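Biologist: Could you walk me through this model, starting with its helices?
Modeller: Gladly, let's look at it together.

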Amino acid sequence: MDPEQVDEFVMGYLKKKGFNSAAKHLQESLHNNNGSTFSSIDYHNDPELNKLIRSFSQSENDPSRYREGYSKLRSWGYNSLDLYKHELVRVMYPVFIHCYMDLVGKGHTQEARSFFNSFRKDHEMVHLRDLQKLGGVLAPSHLQEMEFARSLRQSKINIKICQYSYDLLLQYLHRTESTLMLGIINEHINFQVYSGQPNSASDDIEAVTIVGSFHETADHVNQKEIHWGLLEDSLEDRLEKTGGLLSDSEKGQGESKAGDMDDSKKRSAEIGKQGSSIKKLKKDKAGTATTKVARQETSTVLSSMPRVKPELAMPVMSADVEESILEDLRNRVQLSSIAMPSVSFYTFVNTHNGLNSSSISHDGSLVAGGFSDSSIKVWDMAKIGQAGSCALQDENNQTVGLNGRRNYTLLVGHSGPVYSATFSPPGDYVLSSSADTTIRLWSTKLNANLVCYKGHNHTVWDAQFSPFGHYFASCSHDRTARIWSMDRMQPLRMMAGHLSDVDCVQWHPNCNYIATGSSDKTVRLWDVQTGECVRIFIGHRSMVLSLAMSPDGRYMASGDEDGTIMMWDLSTARCITPLMGHNSCVWTLSYSGEGSLLASGSADCTVKLWDVSSSTKLTKAEEKNGNSNRLRSLRTFPTKSTPVHALRFSRRNLLFAAGAISKPSS
């Protein structure tokens with residue numbers, strides 16, 4: 001090897017490893033001495049120097065270094081003291097994925113697959129979906145072509161770690177001279193070091209987050225101004241202006257009680273014993289001073305909320321519908337942590353795993369189900385109550401009631417599985433979406449399909465009416481959400497920006513925004529007038545499956561595949577608190593009428609009630625307390641073996657739930 005080649009090799013190696021100062025000094029020394037220092041050495045006959053240079057050049061291309069280095073780091077991390085282990089183990093996943101991608105990038109495909117298969121089980125519990133995507137990276141070109149791999153390579157991962165854990169990690173890397181692992185950690189991990197003892201393993205939902213160009217984009221988007229208040233001249237405002245009906249006169253009280261009793265009789269006819277319990281609850285609560293105080297507090301809170309003008313032309317509400325809503329609002333039961341709602345659960349039986357979705361009308365009188373055979377079935381609770389049935393029967397189209405007729409209305413028109421079926425606010429329409437890429441509008445009065453909306457390119461996962469009807473939003477596998485009007489065949493707006501399927505959509509109470517949850521683990525808030533994304537919520541660790549907006553429009557809840565629920569402040573895009581308790585997918589969320597309680601339904605066959613009013617008032621010191629999540633869970637309602645597909649608080653604060661009973665695995 002020529003002396004000039006040795007000089008170039010050493011210089012290149014120093015620069016590649018980031019030793020810029022040493023490279024600079026070497027270059028100055030070579031320039032000043034004209035190579036005399038190095039030329040005095042016999043490079044050809046110096047075995048130690050040749051061996052050193054040869055070992056450097058070979059180690060650069062040796063794929064076994066990655067397995068050896070990661071294996072040692074992994075063993076050290078998992079054998080650390082329990083107090084620090086959960087923080088040190090957080091480092092393993094980013095090191096693992098970047099070792100794998102480095103091997104693929106250098107063309108060591110076989111060694112990369114062997115490395116991936118050897119250690120993937122360590123991370124499958126938390127990162128299964130990411131590993132499934134990463135398993136498709138098999139060639140250097142995939143690192144550039146696949147959006148997921150490219151984003152990982154270009155981003156850094158933030159890891160929160162205490163000072164002592166950080167010192168332990170650095171001490172290990174320097175003591176073992178693990179330069180390869182140190183280089184990967186230095187390049188792809190950004191440590192957020194804090195003083196004191198390490199937090200508990202499940203305490204901090206933001207312990208590991210990805211940052212980079214996407215995170216910077218989110219920070220920029222979240223600076224935009226949004227107006228989260230209620231609409232001007234809303235029904236709540238009108239009720240407040242005529243609020244004397246509640247307590248100013250005995251006449252008003254008498255009318256309210258009469259309305260309660262009449263409604264209770266109807267409920268008892270519709271849902272039997274559950275209706276009578278609702279009646280008792282309402283009669284017990286109606287005359288108490290506690291309820292009056294709660295209503296006054298709710299009225300004060302709503303009146304203090306900002307008011308905004310609608311960006312969409314609002315539909316004209318009929319006098320009958322308006323009066324019905326106002327009557328419901330007058331007779332609303334006030335809920336709190338000590339005043340729980342009555343719950344009515346509608347159970348589908350004999351569905352043979354064919355039920356994909358279900359929905360309940362605002363008054364609980366109608367229940368709809370979307371099925372894999374492309375059909376939609378609508379049950380009228382009053383008719384089922386008259387027939388004496390306690391469950392929703394579905395044993396093929398030949399199922400009949402006591403009167404010899406089907407006890408449901410069959411709606412046929414889709415050509416693929418139906419993934420959502422939702423009622424309009426008055427209950428006169430059903431909106432359905434399907435794998436056939438279409439959305440259909442059905443009349444519950446005519447029992448017929450009125451319109452078929454086409455625009456999405458792939459399966460439509462969800463479609464939801466706006467709080468005032470007429471407008472609706474949809475979301476799809478094509479990574480877009482769209483806003484529609486009932487009287488137009490084409491969408492009014494298209495929202496594009498998610499990196500994967502858009503799985504759920506929800507309207508803001510003032511109809512000026514919609515929220516979308518995606519398989520890319522983010523939630524986005526969109527302006528319906530401009531179609532722009534005005535908020536990006538980052539924090540979920542799995543696909544987002546459900547959304548709910550608080551009645552005042554200030555907060556949002558989102559549920560994911562892992563069972564985590566996150567409460568967000570729309571104005572700051574910050575997570576107020578994670579609500580932990582479910583151990584499977586959270587399929588549905590619903591706020592109570594005054595916004596003090598949040599109900600969640602999950603595939604773990606439970607309905608949970610959360611005290612979200614206290615969750616939004618926690619101090620930073622309380623948020624760091626590991627037991628705070630348990631205190632927010634008020635009550636759990638287990639079902640026998642029924643995953644919860646749908647939840648809805650009625651305007652009178654009755655909680656309706658629905659799901660299909662499933663045979664427990666033997």
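Biologist: Which residues of helix 8 (residues 109-119) are buried, and why do they line one face?
Modeller: First, this is a predicted model, where local features need pLDDT of at least 70, side-chain atom pairs count only at pLDDT 80 or more, and totals for chains, interfaces and linings use all residues. Residues are numbered from 1 along each chain as its sequence is written, and side-chain values use heavy atoms, leaving out hydrogens and water. Buried means under 20% relative accessible area with a 1.4 Å probe, protein chains only, and helices are DSSP runs of H or I, at least four residues, numbered from the N terminus. Down the axis of helix 8, the buried residues fall within an arc of 100° (directions from the axis to the C-beta atoms), so they line one face: Ala-112, Phe-115, Phe-116 and Phe-119.

Biologist: What covers the buried residues of helix 8?
Modeller: Think of the neighbours packed over that face. The cover includes helix 5 (64-78), helix 7 (92-105) and helix 9 (124-134).

Biologist: Which residues make the contact of helix 5 with helix 12 (residues 163-175)?
Modeller: Contact means heavy atoms within 4.5 Å. Helix 5 gives Lys-72, Leu-73 and Trp-76, and helix 12 gives Leu-168, Leu-169 and Tyr-172.

Terms used: Buried means under 20% relative accessible area, exposed over 50%, partly exposed in between (1.4 Å probe, protein chains only). Helices (H or I, at least four residues) and strands (E, at least two) are DSSP runs, numbered from the N terminus.
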